[in-house]
Amino acid sequence: MSQFLDPFLIAALALNFVALGVSRIRGVISAVALQGVLLGFLPLFVHTDIGLRGVLLIIVTIGLKGFVIPGFLVHAMREAEIQHEVNPILSYMSSLLLGAVGTGLAIVFSSTLPLAEQHADLLLVPASLATVWSGFLMLTTRRKAIMQVLGYLLLENGIFLFGLLLLEAMPFLVEVGVLLDLFTGVFVMGIIIHHISREFASISTEHLTELKE
Amino acid sequence: MAYLLILFPLAMAAVTFALPSNRWRPWLLPAGALVQLILTLVAVFQPTGQPPVSGLDNWLLLDALGKVILSFLSVLFFLCSLYAPGYLALRVDRPNRVFCANLFVTLSMMTLVALSHHLGLMWVAMEATTLVSAPSIYFNQNARSIEATWKYLLICSVGIALALLGSFFLAYASLKSGLESTLLFDPLIEAAPRLSPQWLHAAFVLLFVGYGTKMGLAPMHTWKPDAYGEAPGIVGTILAGGLTSCAFLAILRVYQICRAGAEAEFAREIMIFIGLLSMAVAAVFMARQKDFKRMLAYSSVEHMGILVLGIGIGGLAVYGALLHLINNGLTKGVLFLSAGNIHRAYGSKLTDDVSGAIRRVPLSGALFLAGFLAITGSPPFGPFVSEFTIVNAAVGSGQFVAGGLFLLLLAVVFIGMGATVLAVVQGNVPEQKQPAAFHDSVATGAPILLFMGLVLLLGVYIPAPLETLLRDAAGFLEVGR
């Protein structure tokens with residue numbers, strides 16, 4: 001089955017670059033949501049026999065990562081009436097470049113980590129690390145709160161990818177990872193975005209600069 | 001027993017949430033905290049020969065290290081809860097339903113961290129503490145507290161995410177070595193020598209950075225000044241004394257696995273480096289700090305650095321670090337609560353507007369000054385003893401560079417922090433257009449005096465039961481060195 005896995009992973013990696021290089025928030029939301037859906041299907045390819053528990057995990061993952069959270073984000077975006085990340089801390093070109101460098105380094109680094117026999121020819125580890133890196137990049141170089149949340153989602157997706165290696169051995173741990181989405185839920189629906197938009201008239205953390213040295 | 005310790009505060013949270021009276025609700029805090037303190041003492045000091053407190057197939061287990069953390073958390077929470085009614089009576093304008101209930105949930109989750117013997121479960125509990133403590137930082141509901149809460153949530157949740165990735169790595173380390181994959185603590189310790197070293201290294205780094213973010217070690221400390229600066233003093237105390245101790249416990253668990261896997265050197269070098277870096281960053285930002293609550297946050301960064309430095313130095317310093325965890329937490333109680341009182345009396349927390357605190361609010365001003373002397377390691381207070389133990393261990397084991405830098409940074413911090421504290425305490429009371437009505441009272445003064453009394457006590461005499469607990473815990477961490 002694993003021959004189907006790599007194309008999916010490569011598509012997921014490509015979506016990292018879309019997320020890093022696009023300024024239209026709607027576009028980034030779609031890219032992250034699509035990546036979430038792709039990831040949701042992956043357990044099918046990693047393990048042949050997944051059982052009811054696995055099917056549930058797939059449904060919940062796709063539902064949350066692909067539809068529920070992106071849906072909330074779109075809602076929050078409309079509410080705040082913003083469409084673009086105008087003036088990110090790092091230009092889109094540089095983000096893409098750094099993303100590419102990070103992906104390369106992820107491949108080099110993961111080749112130093114010995115994999116168990118049954119996983120030896122999988123691209124999961126480099127894909128996971130590269131996605132975590134892209135998420136980091138977005139978190140630190142975007143000013144809009146929504147974009148930071150999207151960066152966090154990418155980071156989470158990367159962690160989920162690594163979790164697939166453990167799905168057979170420790171399903172509990174992988175399921176626990178779904179709790180990370182709780183954070184995103186809090187970020188998005190919670191009072192905070194609501195208040196940030198009310199108090200600052202646009203949900204941009206640029207205005208959150210009162211507290212600094 | 002284990003279930004009771006976790007479920008009782010949750011039940012109290014539900015009761016608190018259900019109680020309609022804004023005025024009487026805060027009194028549930030000391031009542032619940034007292035019961036929890038008694039429960040904890042029963043669990044910690046149960047007669048020898050009985051099976052240890054455990055539950056959920058040993059996913060929960062109270063070991064020597066957990067005993068120190070758990071008893072400290074209960075004492076800290078109890079003393080804070082004594083301050084709550086007096087404080088919240090001054091803030092009747094704010095609904096405190098969510099605030100009080102959240103404090104109980106935070107207590108429950110901190111207890112769960114202290115009891116967890118499963119790294120996955122511990123991770124869940126740490127995540128929960130982050131989520132439930134966020135609304136408390138947001139208590140004042142103004143633009144500045146939103147900013148602080150946003151940064152706290154965002155940075156800490158990235159830390160938590162990295163810690164999860166680290167836990168995955170650790171689980172994979174055992175999978176790779178052909179062992180039965182587990183995150184239960186005791187089997188991991190047993191299997192540690194056979195874990196794949198590359199994965200173990202990567203896991204330690206991720207878990208250290210992840211939980212270190214929650215602990216507020218430099219350079220992952222950036223949320224701390226904002227969160228501590230904007231949160232009410234009582235929340236500051238619980239964050240700086242309680243939550244950081246939980247994160248420290250998580251790091252200690254991971255360190256133990258590394259040590260059992262004969263990778264202690266690797267882990268200790270990182271801890272010494274980050275420990276000294278945290279102290280240095282704190283020293284730089286504390287100098288000329290005008291906001292005295294932010295200054296306390298940097299002091300917390302400094303002391304978190306001291307804790308990991310102590311573990312990194314090893315030997316006797318491990319005992320020193322555990323003692324310092326208690327001393328620092330209690331002294332932070334004095335500082336945050338008295339700073340909160342001064343803030344209330346002047347309506348400002350900037351040294352531009354605040355001076356002569358010892359005249360305006362004599363008790364809080366004096367306690368703030370005494371707390372400063374204690375936290376910077378002046379005798380006869382508790383932190384002096386623990387810091388001295390750490391220096392002693394560093395010199396005794398020939399780690400002169402670490403020991404020397406430690407002393408140097410302590411001196412720099414003393415000078416930097418002293419300038420701000422003296423500016424607050426001394427001088428004349430400035431003319432205020434609308435003088436705040438706040439004055440020292442029993443309700444807002446006595447709990448701080450209790451904190452101060454304990455800090456002084458630990459400086460001159462460490463009670464025998466506590467001594468035993470600390471020795472056991474240090475021995476548990478240092479087994480087989």
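The model described here is predicted.

**Confidence**

The model scores ipTM 0.88 and pTM 0.92. Chain B has a mean pLDDT of 90. In chain B, 99% of the residues reach 70 or more. Where pLDDT is low, predicted coordinates should not be read in detail.

**Chain A**

Chain A holds nine helices and zero strands. Its order from the N terminus is α-α-α-α-α-α-α-α-α. The chain has 213 residues, and 43% of them are buried. Consider the contacts in chain A with a separation of 6 or more: 74% of them join residues 24 or more positions apart.

**The side of chain A that touches chain B**

Here 35 residues of chain A are in contact with 34 residues of chain B. Five helices of chain A each supply at least two residues to this side: H5, H6, H7, H8 and H9. Their limits are tabulated below.

| Helix of chain A | Residues |
|---|---|
| H5(A) | residues 124-141 |
| H6(A) | residues 145-163 |
| H7(A) | residues 171-177 |
| H8(A) | residues 180-189 |
| H9(A) | residues 191-200 |

H6(A) gives the most, with seven residues. By class, the side of chain A that touches chain B has 25 nonpolar, six polar and four charged residues.

**Ala116(A)**

Ala116(A) sits in the loop between helix H4 (92-111) and H5 of chain A. Leaving aside residues up to four places away in sequence, Ala116(A) touches Leu175(B) and Lys176(B). Ala100(A) is 16 residues from Ala116(A) in sequence. In space, the two lie 27 Å apart, C-alpha to C-alpha.

**A helix pair in chain B**

Two packed helices are described by the angle between their axes and the distance between the axes. In chain B, helix H5 (residues 119-137) packs with helix H10 (residues 233-260) at an angle of about 165°. Their axes are 11 Å apart. Angles over 145 degrees count as roughly antiparallel, so H5(B) is roughly antiparallel to H10(B). The crossing of H5(B) and H10(B) is left-handed.

H5(B) brings Leu119(B), Met122(B), Met126(B), Thr129(B), Ser133(B), Ser136(B) and Ile137(B) to the contact. H10(B) answers with Val235(B), Leu239(B), Leu243(B), Cys246(B), Ala247(B), Ala250(B) and Arg253(B). The contact of H5(B) with H10(B) has 10 nonpolar, three polar and one charged residues.

Conventions: Residues numbered from 1 in each chain as written. Chains lettered and ligands numbered in written order. Predicted model: local features only at pLDDT ≥ 70, side-chain atom pairs only at ≥ 80, totals over all residues. Helix = DSSP H or I, 4+ residues; strand = E, 2+ residues; numbered from the N terminus. Buried ≥ 20, exposed ≤ 12 C-beta atoms within 10 Å, placed from the backbone. Contact = placed C-beta atoms within 7 Å. Nonpolar A, V, L, I, M, F, W, Y, C, P; charged D, E, K, R; others polar. pLDDT = per-residue confidence, 0-100. Axes fitted to C-alpha atoms, helices over the stretch in contact; angles between N-to-C directions. Parallel < 35°, antiparallel > 145°, perpendicular 65-115°, else oblique. Left-handed = near helix turned anticlockwise from the far one by under 90°.
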